[in-house]
Amino acid sequence: MRASKIAYKPVGLALGAVSGMLAGAVFKQAWKMLGHDEDAPDATDEERAWTEVLLAAALQGAIFAGVKAAVERAGAATTRRLTGTWPG
């Protein structure tokens, strides 16, 4: 394994944590903008309909994946600019 990959591991872990927090905030705002309750439903929430639970899960998954990809890509591009090598 190249030294740049090893050196990037802690950075990648930190970016993963940041992207999770950012995605959670984005999802919460998106859920509010859609006119739903403040909290998204859990899969075991008996009071919520199937469609609402599945919509929330699909939206949350899409937002998390998009934010994660954007943050990881930005981190890799920044690493390349700083070190001259791509971390992946």
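**Burial, contacts and shape**

Reply: A56 has a relative accessibility of 2% and therefore counts as buried. The cut-offs are under 20% relative accessible area for buried, over 50% for exposed and partly exposed in between, with a 1.4 Å probe and protein chains only. The model is predicted, so local features need pLDDT of at least 70 and side-chain atom pairs count only at pLDDT 80 or more, while totals for chains, interfaces and linings use all residues. Residues are numbered from 1 along each chain as its sequence is written, and side-chain values use heavy atoms, with hydrogens and water left out.

Me: Which residues is A56 in contact with, leaving aside its neighbours within four places in sequence?

Reply: Contact means heavy atoms within 4.5 Å. On that basis A56 is in contact with F27, W31, A40 and P41. A56 itself lies in helix α2. Between A56 and D45, eleven residues apart along the chain, the C-alpha separation is 12 Å.

Me: How many helices and strands does the protein have?

Reply: Helices are DSSP runs of H or I with at least four residues, strands are runs of E with at least two, and both are numbered from the N terminus. The protein has two helices and zero strands.

Me: What should helix α2 span at 1.5 Å a residue?

Reply: The expected span is 1.5 Å times one less than the number of residues. Helix α2 covers residues 50–83, 34 residues in total, so it should span 50 Å; its end C-alpha atoms are 49 Å apart, which agrees. Just after α2, G84 takes a positive phi of about 85°.

Me: Which residues in α2 are buried?

Reply: The buried residues in α2 are E52, V53, A56, I63, V67, V71, G75, A76 and T79. T79 counts as buried because its relative accessible area is 16%. Not counting residues up to four places away in sequence, T79 touches Y8, G84, T85 and P87.

Me: Is R80 buried, exposed or partly exposed?

Reply: R80 has 46% relative accessibility and so counts as partly exposed. R80 is also found in helix α2, and leaving aside neighbours within four places, R80 is in contact with T85 and W86.

Me: What radius of gyration does the protein have?

Reply: The radius is taken over C-alpha atoms, and the globule rule is 2.2 Å times the number of residues to the power 0.38. The protein has 17 Å, whereas a compact globule of 88 residues would have a value near 12 Å. Along the principal axes, the C-alpha atoms fill a box of roughly 50 × 25 × 15 Å. Of the 88 residues, 20% count as buried.

Me: What share of the contacts with a separation of 6 or more joins residues 24 or more positions apart?

Reply: Such residues account for 54% of those contacts.
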